[in-house]
Amino acid sequence: MKSRFSFEEMKKNQDKITMVTAYDYPSAKLAERAEVDMILVGDSLGMVVLGYPSTIHVTVDDMLHHAKAARRGAPNTYTVVDMPFMSYHVSLEDSMKNAKTLFQQTGAQALKIEGASAEVVQLTSRLTSAGIPVVAHIGLTPQSVNVLGGYRVQGKEKDTAKRLIEEAVELEKHGAIAIVLECVPKEVARLITNKLSIPTIGIGAGIDCDGQVLVYHDIIQYGVNRVPKFVKPYGDVNHSIKQSISSYIAEVKAQTFPNDSYSFTIDEHELPEGKL
Ligand code: KIV
Ligand code: NA
């Protein structure tokens with residue numbers, strides 16, 4: 001299993017860090033088999049596998065349920081679990097309790113929290129000193145979509161770009177082990193990446209980040225319709241699933257499945273005789 005130091009080492013060597021989300025046993029198992037560096041049990045699971053319109057419906061229990069399954073599928077891969085909406089904004093005490101639950105019960109290697117408000121920065125340092133590694137997440141932070149006014153690129157102007165850089169520096173200073181940059185112009189992501197000694201992991205943040213993360217179902221096109229500009233689909237599972245299920249339906253209707261290859265048989269004389 002890699003550690004946070006493996007990732008800092010990879011940054012130094014310009015060996016790109018790969019991260020993919022996974023939300024259950026089979027997806028995590030295949031991600032581990034593909035030898036991804038890190039798995040993220042992201043709260044994007046709310047949209048991707050639970051069908052909610054945004055991540056704000058996801059609960060700590062949802063995260064536990066999915067993260068435990070993902071961990072069983074990929075016990076040897078560094079796994080980061082998202083703290084969901086409002087599980088770390090009510091009070092520092094509640095945030096610590098929720099973090100303890102998520103960290104202990106899932107056996108994850110780190111937790112991820114969004115934003116860089118004074119509270120989040122303080123929590124980053126509290127969790128770190130309690131022994132819970134924190135992955136930060138700035139730029140487009142989907143849990144705040146209603147405050148940000150939509151899913152759009154962050155840091156496009158001098159002042160907002162400067163703020164992103166300051167946030168990244170602040171989060172590193174307070175113990176973050178890595179930082180996700182979501183929907184940030186590549187030039188700004190490059191500046192941040194060069195400025196930090198912890199790795200940056202980009203999604204919609206260009207080629208110069210130390211690593212990349214994508215949503216599992218987006219990579220393979222599984223149950224997703226529209227994908228954002230920054231997603232490159234590497235497969236088309238929608239098509240192969242639909243084709244498989246349609247063939248199954250067609251064969252059942254045509255009475256060609258299950259034929260004898262898929263049935264159990266006994267000798268005719270073993271059948272009970274007479275009127276039953
Ligand atoms: O929940 C998620 O999938 C994420 C990634 C997009 C970084 O937070
Ligand atoms: Na997330």
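With 15 C-beta neighbours inside 10 Å, Met86 counts as partly exposed; a residue is buried if 20 or more other C-beta atoms, placed from the backbone, lie within 10 Å of its own, exposed if 12 or fewer, and partly exposed in between. Select Met86 to begin: its phi is positive, about 65°, although it is not a glycine. Met86 belongs to the loop between strand 3 (78-82) and helix 5 (92-106); helices (H or I, at least four residues) and strands (E, at least two) are DSSP runs numbered from the N terminus.

The model is predicted: local features need pLDDT of at least 70, side-chain atom pairs count only at pLDDT 80 or more, and totals for chains, interfaces and linings use all residues. Residues are numbered from 1 along each chain as its sequence is written, while chains are lettered from A and ligands numbered from 1 in the order in which they are written.

Next, select Glu35, in the loop between helix 2 (25-33) and strand 2 (38-41). Glu35 has a positive phi near 65° and is exposed, with 8 other C-beta atoms within 10 Å.

Now select strand 5 (residues 134-139). Is this strand mostly covered or exposed? Six of its six residues are buried. On one side are Val134, Ala136 and Ile138, and on the other Val135, His137 and Gly139. In a regular strand the side chains alternate between the two faces of the sheet.

Leu111 has Val134 as its bridge partner.

Finally, select Pro258: the peptide bond from Phe257 to Pro258 is cis, with omega near -5°.

Methods:
Pairing = 2+ DSSP bridges.
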